[in-house]
Amino acid sequence: MGTAGANELNKASSERAEPSTIMLKTSESLEAKKKRARKIVSALHKSYPDADTALRHRNPLQLLVATILSAQSTDETVNKVTPVLFKRFKTARALAGASPGQIEEIIHSTGFFRQKTKSIQGACWKVADTFGGHVPDNMDDLLTLPGVARKTANVVLGSAFGKCEGVVVDTHVGRLATRLALTWSGKDSKDAVKIERDLMEIIPRKEWTFVGHSLIWHGRKVCPARKPDCEHCTLAGHCPSAM
Ligand code: SF4
């Protein structure tokens, strides 16, 4: 199934008489949506009790760099190159001061290596010069780092600092939020900013970090872009797109 739009969701829900608790519908009230979201979060806790980023890291700087590298790549690929990168360059200043070619050679396999090198070095310069070599632990400062947007900032804040400042919305979360009808503001599943805002409105703050990562796991394992496995999905009872 491709990205579920309103028509697809309405069609899916109208074709299924049972269970009656599945209501998607554009007419679903905010309160009903919040209630359904709580059930989804509860089911996610059961399925993915330890959901967190799969990017290996030992400190906030490593997670920041790994997250930049993960764009358009897989976590497995990133986890192969970061040990080499961090063994050679241990600090923000060391990464910032490296020649671009040294970094490009190591991260080449993650794709878009020239742009990623620019982002890593730009962010590391700022961390070294403005923040004393320490990755900032708040959203406003993180967003001043070149190449860092809310998704990367949310990963770092949630998984390196244990702070729930927002919900990580990547391609999996965008798709799942749309299929689960947990978003209503954006024009499609790629509208990350609006999807994040919707999720923050209906999900309790303490769950924001967990929800992002558990939906990523669920998207990978059960609900990929093609062929969602609705038959074995633990969220099917709360999903208007279930087939
Ligand atoms: S029931 Fe599960 S697998 Fe099927 S569309 Fe909904 S979330 Fe995805």
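The model is a predicted one. The protein chain holds twelve helices and zero strands, and 42% of its 243 residues count as buried.

**Overall architecture**

- Read from the N terminus, the elements of the protein chain follow the order α-α-α-α-α-α-α-α-α-α-α-α.
- Among contacts between residues at least 6 apart in sequence, 61% link residues at least 24 apart.

- Helix H3 covers residues 60-69 and is mostly covered, with eight of its ten residues buried.
- These buried residues of H3 are Leu61, Leu63, Leu64, Val65, Ala66, Thr67, Ile68 and Leu69.

**The packing of H3 with H4**

- The axes of H3 and H4 lie 10 Å apart, and the two helices pack at an angle of about 135 degrees.
- Because of that angle, H3 is oblique to H4.
- The crossing of these two helices, H3 and H4, is right-handed.
- On the H3 side, the contact is made by Gln62, Ala66 and Leu69, while H4 contributes Val78, Val81, Thr82 and Phe86.
- By class, the residues of the contact of H3 with H4 comprise five nonpolar, two polar and no charged.

**The packing of H6 with H7**

- The axes of H6 and H7 come within 9 Å and cross at roughly 125 degrees.
- H6 and H7 are therefore oblique to each other.
- The crossing of H6 and H7 is right-handed.
- H6 takes part through Pro100, Ile103, Glu104 and Ile107, and H7 through Phe113, Arg114, Lys116, Thr117, Ile120 and Gln121.
- The residues of the contact of H6 with H7 divide into five nonpolar, two polar and three charged.

**Arg93 in helix H5**

- Arg93 is located in helix H5.
- Arg93 counts as partly exposed because it has 15 C-beta neighbours inside 10 Å, a count that falls between the limits of 12 or fewer for exposed and 20 or more for buried.
- Although Arg93 and Trp125 are 32 residues apart in sequence, they are 6.5 Å apart in space, C-alpha to C-alpha.
- With neighbours within four places in sequence left aside, Arg93 is in contact with Ala128 and Gly133.

**Leu157 in helix H9**

- Leu157 belongs to helix H9.
- Leu157 has 26 other C-beta atoms within 10 Å and is therefore buried.
- Leu157 and Asn138 are separated by 19 residues in sequence and by 7.0 Å in space, C-alpha to C-alpha.
- Beyond its neighbours within four places in sequence, Leu157 is in contact with Asp137, Met139, Lys163 and Glu165.

**Residues with positive phi**

- Most residues other than glycine have a negative phi.
- Phe112 has a phi near 45 degrees, a positive value in a residue other than glycine.
- Phe112 sits in the loop between H6 and H7.
- Phe112 is partly exposed, because 14 other C-beta atoms lie within 10 Å.
- Lys227 likewise has a positive phi in a residue other than glycine, with a value near 55 degrees.
- Lys227 is found in the segment after helix H12, which covers residues 208-221.
- Lys227 is exposed, because 8 other C-beta atoms lie within 10 Å.

**The ligand and its shell**

- The ligand is surrounded by 13 residues, and the closest are Cys223, Pro228, Cys230, Cys233 and Cys239.
- The residues of the shell around the ligand comprise ten nonpolar, one polar and two charged.

Key
Residues are numbered from 1 along each chain as its sequence is written. This is a predicted model: local features need pLDDT of at least 70, side-chain atom pairs count only at pLDDT 80 or more; totals for chains, interfaces and linings use all residues. A residue is near a molecule or strand if its C-beta atom, placed from the backbone, lies within 6 Å of it. Ala, Val, Leu, Ile, Met, Phe, Trp, Tyr, Cys and Pro count as nonpolar, Asp, Glu, Lys and Arg as charged, and the others, Gly among them, as polar. Helices (H or I, at least four residues) and strands (E, at least two) are DSSP runs, numbered from the N terminus. Axes are lines fitted to C-alpha atoms, for helices over the stretch in contact, and angles run from 0 to 180 degrees between N-to-C directions. Angles under 35 degrees count as roughly parallel, over 145 as roughly antiparallel, 65 to 115 as roughly perpendicular and the rest as oblique. A crossing is left-handed if the near helix is turned anticlockwise from the far one by less than a right angle, and right-handed if clockwise. Two residues are in contact if their C-beta atoms, placed from the backbone, lie within 7 Å.
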